[in-house]
Amino acid sequence: MHKDIAIYLDTTVISLYEKGVIDKTVLRACEAAKPPMETAGDIAAHLDANGSFARVPGCRRPGRIPDTLSAIAEKVKKTPTPSDEKPERRQRNRAMRLSQDASFVFLTDEQRENVLAFRNEHGYLPMFMVLRYYLTRPDASRNDIIMSYGWGLNPSADDSATLASIGEQVGLSRERIRQILLTYEIPDELSHQQFWNQYVNHSTFYVDAGHSEFENVRQREIPNLNFTAYADILHRTTMMFNVNDRFMARRGWIKEISAWVDRFDRLSEMTRSIDSRVSLEGLAMGGNLDTRIALVVLNQLAPAYGFIPDPPGHLILPRSADL
């Protein structure tokens, strides 16, 4: 471990990895924990509660990892947390505490009752519902209104809203609307990752429109929400990354998932007169196929394309439906 690296409670595990404090094995083990360990403070709390890191899923070297993380935990305990003393940090933490009680200042009494009722029933804040309330409040800014249309969160929005149609609503060009949609920042009081983590399935590395998390949002909060908007919002508020507006992948797996999505896109467009059996190793084109990514491909990604897992390590590509 690098003794000259300052580690605070809110230092992310990604930052620890990038600075060389932990290796990739430790990083993956932190991500695989339930709930995942996202900061040095999470690591310290886990060790205080469990005394060990050996039972975390994906922990391949339990003998080495506890020593590394114990050193981190010890350093955290001896190091002040100046970031907590900064005004912007205090303001953000205060907003987080208030938000946990649904005390968002923009909510009407009726909206606050809806949010609290949801939290009491389901055990978490309905952040998609809260975000919709924010974007459609009476004093919403022009950019907020644009995002409410772009994400389909405006009750009067057309499901097929285009850049041009949104531009006509607010008097801006198509290109300007595109820029706003790409660069819009969700306010701090609504974007804290802790609020959005309940929407992320921490037992998988991949999510698509068929996953229960997305269906829960559609059933409980926004019935007409499309997956593109869902993926974009979580991309901006969590460590999940949008892949082609059709899938989501966790940090560290985005390149691998993207590569498989591209391969499967090409395979799904090919015409096949008979069922074909192919190996994952062959599709990986000689690359090193990690066991976990192979399971993701077999059990989650391939079925989304209609490909049938055929263990060990093979797929059945059905004949084209129009033949």
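**Exercise 1.** How many aromatic pairs does the count come to in this predicted model?

*Solution.* Rings of Phe, Tyr and Trp pair if their centres lie within 6.5 Å. By this rule, the count comes to 16 aromatic pairs.

**Exercise 2.** Classify the pair formed by Phe-214 and Phe-227, then locate both residues.

*Solution.* Step 1: the centres of Phe-214 and Phe-227 are 5.3 Å apart, with 90° between the planes. Planes over 60 degrees apart count as edge-to-face, and the pair is accordingly edge-to-face.
Step 1: Phe-214 belongs to helix 13 (residues 212-220) and Phe-227 to helix 14 (residues 227-237).
Step 2: buried means under 20% relative accessible area. Phe-214, at 4%, is buried, and Phe-227, at 8%, is buried as well.

**Exercise 3.** Why is the pair of Phe-264 and Tyr-305 edge-to-face?

*Solution.* Step 1: the ring centres of Phe-264 and Tyr-305 are 5.5 Å apart and the planes stand at 65°, so the pair is edge-to-face.
Step 1: Phe-264 lies in helix 15 (residues 254-269), whereas Tyr-305 lies in the loop between helix 17 (291-304) and strand 5 (308-310). The two residues are 41 residues apart, and their pair links distant parts of the chain.
Step 2: Phe-264 counts as buried at 0% relative accessibility, and Tyr-305 counts as buried at 13%.

**Exercise 4.** Over which ring does the charged end of Arg-137 sit, and over which that of Arg-263?

*Solution.* Arg-137 has its charged end over the ring of Tyr-134, 4.0 Å from the ring centre. For Arg-263, the ring is that of Trp-260, at 4.6 Å from its centre.

How values were computed: Residues numbered from 1 in each chain as written. Predicted model: local features only at pLDDT ≥ 70, side-chain atom pairs only at ≥ 80, totals over all residues. Heavy atoms only, no water. Phe/Tyr/Trp six-rings, centres within 6.5 Å; stacked < 30°, edge-to-face > 60°. Helix = DSSP H or I, 4+ residues; strand = E, 2+ residues; numbered from the N terminus. Buried < 20%, exposed > 50% of the residue type's maximum accessible area, 1.4 Å probe, protein only. Lys NZ or Arg CZ within 6 Å of the ring centre and 35° of its normal.
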